[in-house]
Amino acid sequence: MCVLKIRSGWLLLLLFSMAFTGCYKKGEPVTSAATFIPAGVTAANVTHTNYVAGVLKNNCSTCHGKGGSADEFWLNTNTYQNASEFGVRIVETIVNGSMPPVPRKPFSAADKKMLEAWINRGMPQ
Ligand code: HEC
């Protein structure tokens with residue numbers, strides 16, 4: 001009887017851990033819940049320095065930076081000059097979801113709004 005109890009205990013543990021790891025493998029959310037917006041940055045004060053530079057560097061430069069797989073398109077993601085020259089198209093591709101390409105997660109709605117706010121403010125540095 002005692003042996004049986006231990007065995008069913010192990011079985012429960014096994015089932016529990018299978019269910020637990022299963023949670024992690026469920027389908028990716030359509031829109032990423034996380035945002036790249038640092039504390040204190042709003043649609044009224046967003047600039048290249050306080051927000052846009054970090055977004056491009058962390059999400060685009062692996063392919064669009066020097067030596068990346070798509071470096072023929074707006075090479076050098078890290079300068080303000082480049083970001084403002086191509087800004088409208090850069091933001092368009094993020095908002096319409098074509099960049100960054102699948103299987104990467106699309107940006108959150110909050111980030112899309114913030115990028116549009118930067119364009120609407122005249123792409124301040
Ligand atoms: C995994 C690699 C990869 C990443 C990461 C990536 N891109 Fe691209 N991008 C490409 C490739 C490949 C092309 C050219 C083919 C195409 O248009 O799909 C491209 C083309 C572009 C173009 C020019 C074509 C057009 O539609 O105007 C823009 C603008 C662009 N990407 C913006 C971005 C932005 C902004 C990010 C970051 C949020 C980003 N990309 C991240 C691979 C990438």
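User: In this predicted model, is R89 buried, partly exposed or exposed?
Analyst: The relative accessible area of R89 is 47%. Partly exposed residues fall between the limit for buried, under 20%, and the limit for exposed, over 50%. R89 is therefore classed as partly exposed.

User: Which side chain meets that of R89 in a salt bridge?
Analyst: A search of the whole structure finds one salt bridge. Its N to O distance is 2.7 Å, and a salt bridge requires the two atoms to lie within 4 Å. The partner of R89 is E92.

User: Where do E92 and R89 lie?
Analyst: The two residues are three apart, which is about one turn of the helix. E92 has a relative accessibility of 39% and counts as partly exposed. Both E92 and R89 lie in helix α5.

User: How many residues does α5 give to the shell around the ligand?
Analyst: There are 16 residues around the ligand, and R89 is among those that come nearest, along with C60, C63, H64 and M99. The elements giving two or more residues to this shell are α3 (61–64) and α5 (87–95). The element that gives the most is α5, and its number of residues is four.

User: How many residues of the shell around the ligand are nonpolar?
Analyst: The shell divides into three classes of residue.

User: What is the distance from a polar side-chain atom of R89 to an oxygen atom of the ligand?
Analyst: A polar contact is a pair of N or O atoms within 3.5 Å. H64 has a polar side-chain atom 2.7 Å from a nitrogen atom of the ligand. For R89 and the oxygen atom of the ligand, the distance is 2.6 Å.

User: Which residues coordinate the iron atom of the ligand?
Analyst: The coordinating side-chain atoms are NE2 and SD, at 2.0 to 2.3 Å from the iron atom. The residues that carry them are H64 (NE2) and M99 (SD).

User: How far apart in sequence are the parts that H64 and M99 tie together?
Analyst: H64 lies in helix α3, whereas M99 lies in the loop between α5 and α6 (109–120). The pair therefore ties together parts whose separation in sequence is 35 residues.

User: What is the geometry of the site of the iron atom of the ligand?
Analyst: The iron atom has six donor atoms, with angles of 83 to 178 degrees among them. Six donors count as octahedral if opposite donors are over 155 degrees apart and all others between 65 and 115. The site is octahedral.

Methods:
Residues numbered from 1 in each chain as written. Predicted model: local features only at pLDDT ≥ 70, side-chain atom pairs only at ≥ 80, totals over all residues. Heavy atoms only, no water. Near = heavy atom within 4 Å. Polar contact = N/O pair within 3.5 Å; in protein donor to acceptor, adjacent residues only side chain to side chain. Nonpolar A, V, L, I, M, F, W, Y, C, P; charged D, E, K, R; others polar. Donors = N, O, S within 2.8 Å, 3.2 Å for Na, K, Ca; no water. Tetrahedral: all angles 85-135°; square planar, octahedral: opposite > 155°, others 65-115°. Buried < 20%, exposed > 50% of the residue type's maximum accessible area, 1.4 Å probe, protein only.
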